[in-house]
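The following paragraphs go through a predicted model.

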Amino acid sequence: MNIQIRNERESDFRQVEELTREAFWNHHVPGCDEHYLVHVLRSHPDFIAELDFVAIVDDKIVGNIMYVKAHLVNENNDKMDIITFGPVSVLPEYQRKGIGSALIKHSIKEAIDLGYKIIVIYGHPYNYCKHGFVGSKSLNISNEDGKFPCSLLALELEKGLLNNHSWKFYESSAYHIDEKEALEFDRLFPQKEKEFRPSQEEFKIMSNAYII
């Protein structure tokens with residue numbers, strides 16, 4: 001499969017929102033709000049346009065990845081600016097074909113070229129450890145509450161920056177979306193049925209699991 005990757009363009013916006021909706025519908029919860037998240041990320045101050053990429057197969061946009069700024073704070077109250085990504089969206093019929101991996105690898109390379117040092121994300125270890133991410137506890141990175149969620153993962157783009165310190169991860173406010181506004185936004189799309197899927201229970205378990 002020939003996968004082309006380029007930066008998202010304004011003319012892509014609606015198509016990316018549609019593919020994100022298809023990618024996440026009924027996956028984490030009945031319905032989804034990731035397409036609204038994509039919509040609002042672009043106008044947020046933390047959004048990094050240079051790391052907003054689409055994947056194209058046969059002249060069709062089939063995947064997308066977006067990055068925003070975040071930061072870490074250590075025990076001395078020293079702040080380190082970092083980046084995070086999400087959502088990573090791939091149309092269902094193109095999933096498990098290497099498109100998500102291609103987007104992640106390409107964007108990591110571009111992030112290094114832009115001088116970024118650390119990536120911290122929330123995600124399923126199965127999807128990201130193969131790209132070099134490790135459990136955040138391995139690097140002494142907790143969430144704001146000082147806990148170590150199983151889904152909190154980190155990748156050092158420059159080794160050793162985090163040594164000898166304990167860190168807390170503060171994600172961007174860009175991810176704190178309004179649920180009512182998300183519902184209103186979804187009404188702009190064709191109606192889809194909200195259903196329970198086993199993946200929703202898996203997501204709930206992973207979201208509430210911590211490393212002690």
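**Cores, a buried asparagine and a helix pair**

The largest nonpolar core has 44 residues, and the members that touch the most others are Tyr67, Phe85, Ile119 and Phe133. Strand 3 (residues 60-74) supplies the largest share of this core, six residues. In soluble globular proteins, nonpolar side chains tend to be buried together.

Beyond its neighbours within four places in sequence, Tyr67 is in contact with Asp46, Phe47, Ile48 and Leu51, with Ile83, Thr84 and Phe85, and with Ile104, Ser107, Ile108 and Ile119.

Strand 3 also contains Asn64. Is this side chain's residue, Asn64, buried or exposed? Its relative accessible area is 0%, so Asn64 counts as buried, the cut-off being under 20%. A polar atom of the Asn64 side chain lies 2.8 Å from the backbone oxygen of Phe53. Leaving aside neighbours within four places in sequence, the residues in contact with Asn64 include Phe53 itself, Asp52, Val54, Val16, Leu19 and Leu103. Pro87, Val88 and Ser89 are also in contact with Asn64.

The last topic is a helix pair. The axes of helix 2 (residues 34-41) and helix 5 (residues 179-186) come within 9 Å and cross at roughly 100 degrees. The two helices are therefore roughly perpendicular to each other. Helix 2 contributes His35, Tyr36 and His39 to the contact, and helix 5 contributes Glu181, Ala182, Phe185 and Asp186. By class, three of these residues are nonpolar, two polar and two charged.

Notes. Residues numbered from 1 in each chain as written. Predicted model: local features only at pLDDT ≥ 70, side-chain atom pairs only at ≥ 80, totals over all residues. Heavy atoms only, no water. Core = buried A, V, L, I, M, F, W, Y, C linked by side-chain atoms within 4.5 Å. Buried < 20%, exposed > 50% of the residue type's maximum accessible area, 1.4 Å probe, protein only. Helix = DSSP H or I, 4+ residues; strand = E, 2+ residues; numbered from the N terminus. Contact = heavy atoms within 4.5 Å. Axes fitted to C-alpha atoms, helices over the stretch in contact; angles between N-to-C directions. Parallel < 35°, antiparallel > 145°, perpendicular 65-115°, else oblique. Nonpolar A, V, L, I, M, F, W, Y, C, P; charged D, E, K, R; others polar. Polar contact = N/O pair within 3.5 Å; in protein donor to acceptor, adjacent residues only side chain to side chain.
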